Amino acid sequence: MIDLIYLTVLLPLIGFAINGLLGPKIKNEKVIGVIGSGAVGISFLISLGIFFELLGKPAAERHFIVNLFQWIKVDYLNIPIGYQVDPLSILMALVVTGVGFVIHVYSIGYMHGDKGFWRFFAYLNLFIFAMMNLILADNFVLLFLGWEGVGLCSYLLIGFWYDRKFENSTTADAAKKAFVVNRIGDFGFLIGMFIIYLTFNSLRFEEVFAQVKLGGIPESTFNMIALFLFIGATGKSAQIPLYVWLPDAMAGPTPVSALIHAATMVTAGVYMVARTSVIYASAPTIMMVVAVVGLLTAIFAASIGLVQNDIKKVLAYSTVSQLGYMFLAMGVGAFTAGIFHVMTHAFFKALLFLAAGSVIHGMHEEQNIQKYGGLKKYMPVTYLTFLTGAIAISGIPPFSGFFSKDEILWYSYANAGFAFWLVGAITAMLTAFYMFRLYSLTFEGEGRFDHHHVHPHESPKVMTVPLIVLAILSVIGGFIGIPEIFSGSGGNQIKNWLDPVFKPANSLLAKHGAHSHFEEILLMAVSVAAAAGAIYFARFVYLKRKDIAESASLKFPGLYRLLFNKYLIDEAYDKAIISPIVKVSDGFLWKFTDVKIIDGLVNKTASLIESFASQIRKMQTGVAQFYAVIMVLGIVIAFFWIMASL
Amino acid sequence: MTFTVHDLISLSPVLLIGVGILATLIIEMLVKESEKILGWFTFVLLLSVAYLSLILLDHTALVFEDKFLTGGRVNIFFFLFSFGAAVVSLLSMEYIKKAGIHFGEYYIMLLSSVLGMMLISGATDFIMIFIGLEQMSVCFYVLAGFNRRNERSLEAALKYFLLGSFATGFLVFGLGLIYGAVGSLSITEIVIGYETLKTSPLFLTGTLLFIIGFSFKIAAVPFHMWVPDVYQGAPTSVTALMSTTGKAAAFSALIIIFSPIIQAAYPSFFTPVISVLAVLSMLYGSIVAISQNDLKRMLAYSSIAHAGYMLIGLAAWNEKGVSGVIFYLVAYTFMNLAAFGLISLIEKRDLRGTEFSDYKGLGFKQPVLAGLMALTMFALSGIPPFAGFFGKYYVFLSAIEAGMTWLAIVGVISSVISVYFYLRLIVVMYFDNSDEIVMVTPSTSAMLGIMISVLLIIIMGVAPGSIINLINSTF
Amino acid sequence: MLVEYIPLFLVIAFAIVFAFGTVFSSKIFGPQRPNPEKLSTYESGVQPVGTTHERMSVKYYLVAMLFIIFDLEVIFVYPWAVQFKKLYLDPSVGTTAFYAMLIFLVVFEIGYLYVYKKGGFKWD
């Protein structure tokens, strides 16, 4: 079964090929949808089979490499197309194909009637193909291939409705922004890869990590590698300072936002840090940087989310914030907790996005939450599932978000200190607040839409069933990671599962002093209470006393405008970086260097050679005797030359 | 002199083609309208020879009183000749009908020339090389003038014959001098006595004349003057044969005689001469090709330039260089076959229609042909991921390894210049337009030949490593 | 090394001097009294008719060429015939000598038949 891992990569590629090449000919939406979803669904089943096979083996033997063929071989650089099957990669594969499959099915309903229906499914399958390469790769280059591949798909899908307006510009601009910002991160990732190759003479995980464990390499080298890889991760996973593309990525269709920009692709950075955990564990300074960046991103994005009015924007900032949590987990050495949160977040964030999509679908493409209200009686399934997701993300037990978030908060307290916990807990509170602001404004209260023209309706089954599936997962998904204080020593299933992968990293990290169970339960109680309080407060403000919200925004107009305009970061980037570059490119590089110097030089040389050519072609007279003379001349010269050099 | 079974098996590609020639003769005299079946007969025969050469790759044998070698590198050449000629026979079938030269003798000549090439590439004795060369050349003279009602074709044949005999004269003179110095024409004898021979003016002059004789065949400047006229005048399918496998055969002779000699002593005495030939050929070919208006003539000059690139590999003379040259020859063969095949399709009944202006707007009128042509031009100009790029890459790499970076730099400059005229055709095809209608009905056989060539160009560009490994394994 | 070739160069030099010398010395030393009779092609023979550039039928060349080819090829048989006994008794050659010539003759014969069938020997 494990040898079949390549099928999980190949099937989506085949799906992409069929839909991409024959899509316009097939035309039938059902066929296209079944091919697209089926490819991912079978991949999921295969991953599941492999998962159970791994489960049947002893923990130490759960690691396989399936080599397919030689890809690149230049001197010492030896890159195979090889897939690595271990607890971490198979868990990610399950999440990607599982959530991916659900979202594919949902898309059949959501994209119904779109003229680019086949294109959409082709891109989605291509995305799954690239993402599977990313998580299953057994070397950095193949990982990078997937990394770039998902970036490409993200670009294609953000700009999917290339002819539509998005905010002040077009979706194509949003796609371009995502691509360029990601490129900056990729540049860092590439440099990190170069240094790895320079240091270890290999780019295969096994070989590199084995050498790391041997030691003997200065910490400064590890710092460099870890830092540059992290720059790559900040681009892909939307962390400060490269997070700006993710909110704009909402220009794409909502299933895309759910799959790529919430559940899977954006967690690639987290996955990469987890995969290279040995390197990070060898660079404690950079771990601290990761933790701080994650923490700042978490609270920063959460604060922006408080005042946004676009339903998808709120969710987008929420994603950035939750990704911050994951990096916080990585930074404080809680790799398992981070991956656990990746998983639960994939469930409830995909759920929230899909439910939001269902709302947008039912409200005739309206995305402003100020124009919603009282939708729970029109779309009961969407309402219930959204509520589940909101509770899960707010961290209320026993929903899944509680377990993973609490695990992260506990480790940041235990490994990094009280301040980290405090900021994290405040972020959790803010999260609960804006989620229930969103929920209240959308589903409860009076309808604020135009009742004559807008008739909200529940979405078709093909869309609601995926919602229900994800809602169930959001509820029960956390039980695989029940903290040891409740489940007893060794009772945390996901920890046991992932332990072999992170063992080398954990053994490198310094152990902190033991903490009492009382501390842990106390902190847990405080954060849950804070979240519950925030939920109550949000409901109170947005359902009963709307005047509080208005007066608050009037009282602190500066703060409100700062938050509403997202701290003006986009504008600052534009002023400080983008327009100077555009000016230099336009004025100097193009109009002077390119046109005058390069083109001028090229054209001059070309005309010179051409005139030269038209002169010497006259030698070709057509007279055979003359040809013979030239030959003889050549022979004579060669002859004398040889004689002279004797 | 007795033959063992192993010898016979090893020789079977050569024997098969010999028997095949006799069979074509018999078919030609006994069967009416034999030309109709001879084309496919030739194709199948050559294909089986190519197949035999490949499967007998490790059947090394020294036969005919140690005058002929088979197996290994020789069989790679066998394959190249027979497969290239097979593609040519595909391209010819319709073309010679169109040109009004649909005679069975065409195929007999084609097969005989291939036998000549095989004799060259397997020779271990100068006499054998000479016999093979003459057999090949005489067939080429005849084929060049095959279109006897066309003045240009006759002119080409006559010029080729005159200058070719002239060059052969020098070559034979060189052989005489070598015999005078060594007392034998066997290459093994030369290797044995190389320590004393390498200072003998007689031997060196002889070898120089030998090199010059073959420089004529590979069209290196300044022995190239016949090339544009002959390539343009000869029937296009014949040009395809001459410019590809014919050139490969000449290179195989150069590789044979240098290989043992230089193994005995490096650096080669002739490295400067070959370098100069290479530089002159590359630059002259690339520069003069710019000002051509006829496509066949342009390709003739480009073939001069390509000969220059390949000479770099010979000048560098290390293992990389030789395998690079062989790779280049294979790549070049199929690029040129594709190009000439396409030209022969677009050529009109009166054998006009090979000028650049005839290709105006072809991209819209004949999208498939134009697309293939564009791909071939990209490959010829050395743009990855096509075969041409890796040919140049290996050859330049060998020069750098041999410490002749300057040669590689000249090569790169020349490649840059050459991009101009290759892309010019693409510009003409896609950016110009004319109202003239190009009526082309590509025949199945010709399209098959072109598709095979194009496929090989792409495969060699995508997976050059496996092919260069195959070539390296024969050393 | 080149010293060995001095006689050769001497012969070449002598040939050049002799050739040019005889031609030009007769011009210099001989008395020159031309008249039409002396300048005609055959001073005491038949009067020439027409030009020397006579057109020959191409068939003549064809036959001549074929004759030369087959004539030359058949010459191979002579040394073979002379040496055959010796070759045959040589154990390293043996019957190979016979079969080699047989193959040669078969090839040769096919060529001959080809020419015959194609009408290479037909005069009209």
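My entries follow, in the order I looked things up.

**Entry 1: the model.** I am working from a predicted model, and I kept that in mind throughout.

**Entry 2: where the chains meet.** I started with the side of chain B that touches chain A. I found 24 residues of chain B in contact with 24 residues of chain A. Which helices of chain B each supply at least two residues to that side? I listed H6 (151-182), H9 (201-218), H10 (226-233), H12 (271-290) and H18 (405-431). H6(B) gives the largest share, with 6 residues. Sorting that side of chain B by class, I got 20 nonpolar residues, 2 polar and 2 charged.

**Entry 3: a helix pair in chain B.** Next I looked at H3 (residues 73-99) and H19 (residues 444-462), both of chain B. Their axes are 7 Å apart and the packing angle is about 150°. The cut-off for roughly antiparallel is over 145 degrees, so I noted H3(B) and H19(B) as roughly antiparallel to each other. The crossing of H3(B) past H19(B) is left-handed.

I then checked who meets whom. From H3(B) come B:Val87, B:Leu90, B:Leu91, B:Met93 and B:Glu94, and they face B:Ser445, B:Ala446, B:Leu448, B:Gly449, B:Ile452 and B:Ser453 of H19(B). By class, this contact has 7 nonpolar, 3 polar and 1 charged residues.

**Entry 4: a bent helix in chain A.** Last, I turned to H25 of chain A, residues 569-616. Where does H25(A) bend? I put the bend at A:Asp594, and it is about 45°. H25(A) is also hardly covered: of its 48 residues, the buried count is 1.

Definitions and conventions
Residues numbered from 1 in each chain as written. Chains lettered and ligands numbered in written order. Predicted model: local features only at pLDDT ≥ 70, side-chain atom pairs only at ≥ 80, totals over all residues. Contact = placed C-beta atoms within 7 Å. Helix = DSSP H or I, 4+ residues; strand = E, 2+ residues; numbered from the N terminus. Nonpolar A, V, L, I, M, F, W, Y, C, P; charged D, E, K, R; others polar. Bend = angle between axes of the 7 residues up to and from the residue. Buried ≥ 20, exposed ≤ 12 C-beta atoms within 10 Å, placed from the backbone. Axes fitted to C-alpha atoms, helices over the stretch in contact; angles between N-to-C directions. Parallel < 35°, antiparallel > 145°, perpendicular 65-115°, else oblique. Left-handed = near helix turned anticlockwise from the far one by under 90°.
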